[in-house]
Amino acid sequence: MNAIKIMMLAALVATATSAMAQVTKRSADDSKKKEDAGVVITDRQQAFFEVREVSDADLDWYKVIYRQLDLTVGRNPALYYPEMPNADGQNLFFIIMRLVADGKIKAYEFLDGREMFTPEFEINVGDMLDNQHIMYTEAKGSTEKNRRYSIEDADIPGNEVLSYYIIERWEFDRRSNKMRTTVDAICPVAHRTDDYGGEALRYPMFWVKLNDIRPYLAQQYVFTDDDNNLPRYNLDDFFKLGLYTGEIYKTKNMRNLTLMQLHPDEDDLKHAQDSIENRLHAFNNDLWVPDREELLAREQAKADLDEDSENAEGEDGEGETAAPAKKKKEQTVRSTKRGAKSNNGKKPKIKQRKAKTTGTKSAATRSVRDRKR
């Protein structure tokens, strides 16, 4: 009997040991660690933040938009500050450069409208650092197949990256009946002047897919309002919620031309940008039939607008018409006196002008034809 109990206990211990080993192996597989500056990202976290692309079979319409984010406009400075890493964290460019140099994410060539995020278009990080004149050393653990580089904070040209290019994807998913906007990729743009000064030239550096860096962006919180320094959003929220401000410089087209090439005149360029913005937002609004409350609100807004315009016209024309009206009244009085003398003292009959009725339908005058009916 004791032997049987011992055998059962041994079997239970073996089963528990096997289960523990499987759990340990699974957790080891899930925690292929991706760390940078103290941030640890697992494969499970990466999958959680990844935005999966909608199948083309479920799409009825989509459009690719290229925008330029000026880091001095709107809430965009949240991507620039702090200029150097400190207790508050680090800015977007420092995060991207650390990840690219350490081999955590892939970077792709800037092809100006012909971007392909495939292995054959991945950049050589060492060549990129040489071309950008960034000092670096071989990092510990670097191999021939997996190069890793170490860069000092002072050698990262964060002060030169004053704008970004982003690729937006506007799509309507017929399965979910939703219109959504996602940012596919982002490109840091360095602004540099030559030895003679003058206007800074822009040097697009490389593209990175936003899905690859989203888990790291979610760890960095920023404040977006000078009146409220509480960091309420992280950098992932910044792009996911569309808090950025960016002008359209290109749309995907067969000729691969920018808007500036298509519209050299500055006014025409601005008109084209506004037209594209309006069409993008109007497309979503035109998909749905407005309800009764929305129709009434639109009619009321239109009526208020018409009333304001009429009042403005009346105020503008009051000073101009006052003098002619007074002169016309005096002429009418004089002509009336002359008519009274010629009629031997009889008072002339003065026709009184009927006031126009505006308002309810009951105040309208019916015609002879209507009365016959």
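The model is predicted: local features need pLDDT of at least 70, side-chain atom pairs count only at pLDDT 80 or more, and totals for chains, interfaces and linings use all residues. Residues are numbered from 1 along each chain as its sequence is written, and side-chain values use heavy atoms, with hydrogens and water left out.

**Exercise 1.** Determine how the axes of helix H3 and helix H5 are arranged, and which residues make the contact.

*Solution.* Begin with the elements: helices (H or I, at least four residues) and strands (E, at least two) are DSSP runs, numbered from the N terminus. H3 covers residues 92–101 and H5 covers residues 210–217. Their axes come within 11 Å and cross at roughly 115 degrees; axes are lines fitted to C-alpha atoms, for helices over the stretch in contact, and angles run from 0 to 180 degrees between N-to-C directions. H3 and H5 are therefore roughly perpendicular to each other, the class for angles of 65 to 115 degrees (under 35 is roughly parallel, over 145 roughly antiparallel, the rest oblique). Next, list the contact (heavy atoms within 4.5 Å): Leu92, Ile95, Ile96 and Leu99 of H3 meet Ile213, Tyr216 and Leu217 of H5.

**Exercise 2.** Identify the salt-bridge partners of Asp153 and Arg148, and place each pair in the chain.

*Solution.* A salt bridge requires a side-chain nitrogen of Lys or Arg within 4 Å of a carboxyl oxygen of Asp or Glu. Asp153 pairs with Arg98, the closest N and O atoms being 2.0 Å apart. Asp153 lies in the loop between strand E5 (149–150) and strand E6 (161–173), and Arg98 in helix H3, 55 residues apart. Arg148 pairs with Asp102 at 2.7 Å, N to O. Here Arg148 is in the loop between E4 and E5, and Asp102 in the loop between H3 and H4, 46 residues apart. Arg148 is partly exposed at 23%, whereas Asp102 is buried at 14%.

**Exercise 3.** Locate the cis peptide bond that joins Tyr81 to its partner.

*Solution.* The bond joins Tyr81 and Pro82, with omega about 0 degrees. Pro82 is in the loop between strand E3 (59–70) and H3.

Note on methods: Buried < 20%, exposed > 50% of the residue type's maximum accessible area, 1.4 Å probe, protein only.
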